[in-house]
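Subject: Structure handover

Hello,

Here is the structure for you to look through. My notes on what turned up follow below it.

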Amino acid sequence: MAVINEAGKILYPVVVQRATTRQVLMCAFADDEALELTRKTKRAHFYSRSRQSLWEKGLTSGNYLIVQDVLPDCDNDSFLYVVTNDNPACHRNTTSCFDNSPGSEDGPNPLARLYQYIHERQNADPNQSYTAQLLQGPLEKLLKKIGEEAIEVIVAAATDSHTEGADLVWESCDLLYHLSVLLARFDVSLQTLDQELIRRHESSSPEALEP
């Protein structure tokens, strides 16, 4: 909900969220100028109530926040900054101002954390990282691994009743890992998958969620 300061300036609450993990990083206020600059420069700008002035996150610390989207709420009086980089957001030089927010190290989003880990290996040495080998090596090798892992999931599902699904869980995680590497290689974010599932869910056809 927007507020009006002593000078009569309208200030909008802003929540900052990481695109890859959905982790909530920080909250602040922004005026119309800060929102406009954020959209224009793709860097997070806010309005400081204590200093009563515009400020750019990272201008003094170097911890800039690169903004992918500026999303208004349903009433257009508060906003979400969706950021793509991994710079610390908190003044304590920690990732988030909310230590236990979803997507944080202790948060409940392991698939998003896996995807972030894979992205961090984009420029790693292939001789030191299997993930880097898959990201930088021949695409055929990665596609073959995905095929192999899919077959292993099928075999586990057909023969795993005596282990109460343990093999199925193990092989499914292997498949998810290799599929996540493929998505990262083509720069397809988990958010993009979320948006497609939402689009299918909101479709008038009840079969839209099916392949």
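Start at V14. Leaving aside neighbours within four places in sequence, V14 is in contact (heavy atoms within 4.5 Å) with M26, C27, A28, F29, A30, F46, F79 and Y81.

Some ground rules. This is a predicted model, with local features needing pLDDT of at least 70, side-chain atom pairs counting only at pLDDT 80 or more, and totals for chains, interfaces and linings using all residues. Residues are numbered from 1 along each chain as its sequence is written, and side-chain values use heavy atoms, with hydrogens and water left out.

**Cores**

A nonpolar core here is a set of buried Ala, Val, Leu, Ile, Met, Phe, Trp, Tyr and Cys residues joined through side-chain atoms within 4.5 Å. Buried means under 20% relative accessible area, exposed means over 50%, and partly exposed lies in between (1.4 Å probe, protein chains only).

The largest nonpolar core has 18 residues. V14, V16, M26, L35, F46 and Y81 touch the most other members. Two or more residues each come from β2 (10-18), β3 (24-30), α1 (32-41), β6 (67-72) and β7 (79-83). Of these, β3 gives the most, with 4 residues. Helices (H or I, at least four residues) and strands (E, at least two) are DSSP runs, numbered from the N terminus.

There is also a second, separate core of 13 residues. L134, L135, I146 and Y177 are among them. In soluble globular proteins, nonpolar side chains tend to be buried together.

**Strands**

Two strands pair if DSSP finds at least two bridges between them. Take β7 as the reference. β2 pairs with β7 in the parallel sense, over 5 bridges. Q17 stands opposite V82 of β7. β6 is also joined to β7 by 5 bridges, but these two run antiparallel. There, V70 has Y81 as its bridge partner. β6 and β7 form a hairpin with 6 residues between them. N76 in that turn has a positive phi of about 60 degrees. As for cover, 4 of the 5 residues in β7 are buried.

A second hairpin is made by β4 and β5, with 4 residues between them. Its turn holds Q52, with a positive phi of about 55 degrees. β4 (residues 45-48) and β5 (residues 53-56) pair in the antiparallel sense over 4 bridges. Y47 sits opposite L54 in β5. In a regular strand the side chains alternate between the two faces of the sheet. Both faces of β4 are covered: H45 and Y47 are buried on one side, F46 and S48 on the other.

- R18 is in strand β2. R18 counts as buried because its relative accessibility is 2%. Beyond residues up to four places away in sequence, R18 touches Q23, L25, V83, N85, D86, N87, T95 and Q116.
- L25 is in strand β3. L25 counts as buried at 0% relative accessibility. L25 and C97 are 72 residues apart in sequence, yet 5.8 Å apart in space, C-alpha to C-alpha.
- E6 lies in the loop between β1 (3-4) and β2. E6 is exposed, with a relative accessible area of 81%. E6 and R49 are 43 residues apart in sequence and 9.7 Å apart, C-alpha to C-alpha.

**Helices**

Axes are lines fitted to C-alpha atoms, for helices over the stretch in contact, and angles run from 0 to 180 degrees between N-to-C directions. Angles under 35 degrees count as roughly parallel, over 145 as roughly antiparallel, 65 to 115 as roughly perpendicular and the rest as oblique.

The axes of α4 (residues 139-159) and α5 (residues 166-185) come within 9 Å and cross at roughly 155 degrees. α4 and α5 are therefore roughly antiparallel. The residues that meet include L142, I146 and V153 in α4 and L168, L175 and L182 in α5.

α2 (residues 110-120) also packs on α5: their axes come within 10 Å and cross at roughly 50 degrees. α2 and α5 are therefore oblique to each other. L111, L114, Y115, I118 and H119 of α2 make the contact with L176, Y177, S180, V181, L183 and A184 of α5.

Best wishes
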